[in-house]
Amino acid sequence: MATTAPVDVKELSGSFIFVVDVPGLRNTDVKVQIENDTILKISGERKRDLDGQDMDIKYVRVERPAGKFMRKFNLPSHVNLDSISAACQDGILTIVVPKVPTPEPHRPRTFDVQVGSVLLGNT
């Protein structure tokens, strides 16, 4: 990969939020995928403004990164893959990965069973 995209990952009570810097890219320039139900893959490509259009161009200085980028993140098992959403605005890609509510822990019960002289249900 030619470049990398800086990412902040935040964990909230109900979701994980990935905030990715993608300056100069539109929502059609980035791709968000889930691989093998466990990996969040973020990829895209930043191209030079005039690459291939005019052979007389001579760059004096090149500081802005260009090229393909890709980032992968392992997702925990308690996320809702069907409800993931993503939006790209003003060079910021935000991906929301909702969590699945954690199940209540099993609590053992204690109760009395009435003991009779005849077992019901057997004939």
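Modeller: Let me begin with strand pairing, for which the rule is that two strands pair if DSSP finds at least two bridges between them. Please keep in mind throughout that this is a predicted model.

Biologist: What makes strands β1 and β2 a pair under that rule?

Modeller: Strand β1, residues 7-11, and strand β2, residues 15-21, share five bridges in the antiparallel sense; since the rule asks for at least two bridges, the two strands are therefore counted as paired.

Biologist: Why is the contact between D29 and R26 called a salt bridge?

Modeller: The cut-off is a side-chain nitrogen of Lys or Arg within 4 Å of a carboxyl oxygen of Asp or Glu. For D29 and R26 the N to O distance is 3.8 Å, so the contact falls within the 4 Å limit and takes the name. As background, side chains of opposite charge can pair when their charged atoms come close.

Biologist: How do you know which of these two side chains is exposed and which is partly exposed?

Modeller: Exposed means over 50% relative accessible area, buried means under 20%, and partly exposed covers the values in between. R26, which sits in the loop between β2 and β3, has 55% relative accessibility and so counts as exposed, whereas D29 has 23% and is therefore partly exposed.

Biologist: What makes E35, K41 and K72 a network?

Modeller: The three residues are linked by salt bridges, and E35 takes part in a bridge to K41 at 3.6 Å, N to O, as well as in a bridge to K72, where the closest N and O atoms are 3.2 Å apart. Because E35 lies in strand β3 (residues 30-35) and K72 in strand β5 (residues 67-74), this latter pair ties together parts that are 37 residues apart in sequence. The structure holds five salt bridges, and these two are among them.

Biologist: Why is K41 called buried, while E35 and K72 are called partly exposed?

Modeller: K41 has a relative accessible area of 18%, which is under 20%, so the label is buried. E35 at 22% and K72 at 44% both fall between 20% and 50%, and therefore each counts as partly exposed.

Biologist: How do you know whether N36 and D90 are buried or exposed?

Modeller: The relative accessible area is 66% for N36 and 72% for D90; both values are over 50%, so both residues are called exposed.

Methods:
Residues numbered from 1 in each chain as written. Predicted model: local features only at pLDDT ≥ 70, side-chain atom pairs only at ≥ 80, totals over all residues. Heavy atoms only, no water. Buried < 20%, exposed > 50% of the residue type's maximum accessible area, 1.4 Å probe, protein only. Helix = DSSP H or I, 4+ residues; strand = E, 2+ residues; numbered from the N terminus.
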